[in-house]
Amino acid sequence: MIPELGQLALVIALCLAVAQCFFGIVGAQRGHFIWMNAVRPAAVGQALFVSLAFVILTYSFLTNDFSVRYVAENSNTALPWPYKITAVWGAHEGSLLLWIFVLGLWTLAVARFSRRLPQEFASRVLGVLGLISIGFLLFMLTTSDPFTRLLPPAAQGRDLNPLLQDPGMAVHPPMLYMGYVGMSVAFAFAVAALLGGRMDAVWARWSRPWTLVAWLFLTIGITFGSWWSYYVLGWGGFWFWDPVENASFMPWLVGTALVHSLAVTEKRGAFKSWTALLAIAAFSLSLLGTFLVRSGILISVHAFATDPRRGIFILAMLGAFVGLALILYAWRAPMFSESGGGFKVFSRETFLLLNNIFLVVAAAAVLLGTLYPLVLGALNLGQISVGPPYFDHIFVPLMIPFFILIGIGPYVRWKHGSVPHTGRKLGWVAALALLVGAIVIVLLRAETSFIAMAGVLLAAWTVFSALQEPVQRLWQRLRHRHASLGRSVLGMSVAHVGAGLMILGVTVTTMLGITVDRVFTPGSSLSVHGDQYAFEGVQDVSGPNYQAVQGTFVVTHDGRPVTVIYPQKRQFRRDGTTTTEAAIDAGPFRDLYVALGNPLGHGAWSVRIEYKPLVRFIWLGGLIMVLGGFIALMDKRYRRVRITAVTLDVAATLGDAGTNLRREPEH
Amino acid sequence: MKPWVRVLVLGCMLLLVSRLAFAIDSEPPFTDPVLEHRYEHLLQEIRCLQCMDENIANSDAPLAADFRRQIHAMVGEGESDAQIKRYMVQRYGDFVLYKPPLQANTWFLWGGPFLLLLVALVVVTLVIRRRSRLADQEQSSR
Amino acid sequence: MHRRLVFILPILVLIALIGFFWRGLYLNPTLVTSPLIGKPVPDFSLPRLHDPQQAFNQSRLKGQVSLVNVWATWCVACREEQRTLLHFSKQNIVPIYGLDYKDDRQSALRWLTERGNPYTAIAFDATGNVAINWGVYGAPETFLIDQHGIIRYKYIGPITTEVIQRELLPRIRALRREGT
């Protein structure tokens, strides 16, 4: 009975989504106030019924209702209860429900925080979100119903995929989906602006915080995913350039470009059509990711088991949403006069344009590499693989100029920069970065490659240049007590520091990390990077739904004890699959990583030992970027939006269709 | 879906989970660090065809172990990286290489990003020139 | 006008991508085309499964159209295929040679006694080294060899009656016509 209620909730949500979409878009187009008044309740109702469906599926998992096929396939009575909750999104149908649920959350948030927006505009935004809900609800109800019954009910469930029985599962997918789906809000704002025929600085100001929040979640999701695959896959890698990872990276790159481009549109009213295109592209790439993961069109370790009907449905949906948005764009965008005035070659605008170019070209390169095998196959031109070596080769030359520019951009004034001014600010930073780079190179002697040196140098440059402004302000404040630093600027500095630390981590781990695969017998030991690893043998341990063999390694350095670590090899009762639980001794500056391979008889084991310097900096950098975004979000400007939006809107209405509206930023 | 495709997909899914017991062989490492480095590097660039998306360094599939044994032997016999890659390509096609060779059907793959960057930079230059003229006009009209 | 064109560009990109995706949905990316098609069978010499003293080499595959089927007792899909092959072998259309891939000799012999033997002769590749030379990346796989010992076609996955009718027989007939 209860699962049928879930189904019913989805059907009701679909009906409400149709109302939300129709009243939102048509009501705004016709200026029909009663219709527009119905949009918000429809949206809230839609979101609540979707949430109800989500709660019901969770309930079915918690009560071990194996008469529901999806529960029977992905849970088990022996599964610890926290994993019963995360198992809800452990496979295709449930993760799709999570997608729709998250879209519901975003819809609720927009419905709640859009009251100060002009009614027509808010209606259109909610209408577009409703259209997306319709698409995904239809997809779910026609091809991927999680509430389908299993007759007769299974006595016991198959259990959740062992790989997913990890705390990371509680964080990574929800965060990633918050980011993916959040891009739909930026998309809806852009489409609403195109529909309304008004696209201006005010639009940019409204959509900027939303985009920033989506970007924050996406950054958390990707950072977390990287960390998770590091410890769960047993390879010691942090990024594999797998098609599905690329699918999350592309919207991130374009979303990052969008966050920067919105700054130009908001402050200077310029590049409006470009910004709108980026907003459409970011969400399109999110949809593309959904398609790639769920259609089986590419070979990936993360892909869901597939059904061709699903692929066709998502492809049709992708074509419809993106196609409509782009047609609207081709029709409306040329009408917006490119206002915003001029700027000199050496100006903030130029640097932000270059930022966008490099990020978008990087995203295009990832897209090209991901889809190239598919395109060749479709054209019958051969079969190739595009793997990490390709992406590394393409990315490094794109990122070197990008990170040089990151350091300079923030110190160039809007509209008309001054080279001596920027030079004065950055001269000592450059000198310091070179000095640190030189010291590092001397310390590492000749064993480093050119790339490693360039990476360290760039990281130093990025971090120091990002710190220049806050440090200077702090210094001034200590002396005169009147210098202040806007949260927006501080957030940017912090985010850039994060990017720099990430580059440092990636470079140092990749270039100076050590991996050794050896055979160990009990009592044998091996020295890796000065640490002595002594193997004391294995013993059997037992978990709630698995049996494991656990090795013991005593690590010492010059005779001093460092740590004792216990890598495991788990065999799950579900179907005898084994997973490798690497043992990691994490430190701020290095990780020691030990994973058991295979038993070779007589107590001997093959073992992988890795020394990973600064690997934590990769995720630390990601989290600092998130912190930066969060600080920027706390900027006074966005809190003031609620008040000023009304006045701005009045001004916009009075202005000539708003397109020529130019609004000078307060600072 | 044809039934055997399903079998294949299922097989791959099983491999997907079971491969997590990753690959470490019992063969002794090369005493020459140069050879060992070359060997490890080659393993990163060869794809395991039996699995979903993995190089043979990380894959636990039996085929990956066979590939490693073969490559280990060839490195030991003094064959060059190019020779070893050619050996693999002759048998399994370009699909086996994670770093696609530069050839007629891949020039756009390798050149595309830089071509796009070039086009984008040209467009940006034009935009900036127009804008800076605009800025000059604004200044003079003030 | 020129300005408008720029704004239409994204749609064109989208249409092209959707076209590729549409086509891609009907392709199976896990099937890798063998570069050995159109090339002579690789030189090899393996012991025969039933009689390790006797060798099986490439010269055996010349002179007539034949099939080489890669199989193993650990391969689940091979079980299904076995029955089809047995039936096909009784029709005596082409000899079917087996390549027993990374297998255990005793289990393989038992399997054949229990289930029947569709093969004219079987080469035993315990290490999988010969299979690498043949570009094998899983079992079952089936090669079609012509009179001159050249690989003309490769089927990946278990052979079914439908595969025989649709893929193998027309090609075998064509090769026979070519040969005479």
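## An exposed glutamate in chain C

E178(C) counts as exposed, with a relative accessibility of 51% (exposed is over 50% relative accessible area, buried under 20% and partly exposed in between, with a 1.4 Å probe and protein chains only). R152(C) joins E178(C) in a salt bridge whose closest N and O atoms are 3.3 Å apart (a side-chain nitrogen of Lys or Arg within 4 Å of a carboxyl oxygen of Asp or Glu). The pair ties together parts 26 residues apart in sequence, because R152(C) lies in strand β7 (residues 151-156) and E178(C) in helix α5 (residues 161-179) of chain C. R152(C) is partly exposed, at 31% relative accessibility.

## Basis of the model

This is a predicted model, in which local features need pLDDT of at least 70 and side-chain atom pairs count only at pLDDT 80 or more, while totals for chains, interfaces and linings use all residues. Residues are numbered from 1 along each chain as its sequence is written, chains are lettered from A in the order in which they are written, and side-chain values use heavy atoms, without hydrogens and water.

A network of salt bridges links E162(C), R166(C), E167(C) and R171(C).

## A contact between chains

Over all chains, the structure holds 24 salt bridges. One of them joins D66(B) and K102(C) at 2.7 Å, N to O. D66(B) is in helix α3 (residues 62-76) of chain B, and K102(C) is in the loop between β4 (96-101) and α3 (105-115) of chain C. D66(B) is buried at 1% relative accessibility, whereas K102(C) is partly exposed at 22%.

Note on methods:
Helix = DSSP H or I, 4+ residues; strand = E, 2+ residues; numbered from the N terminus.
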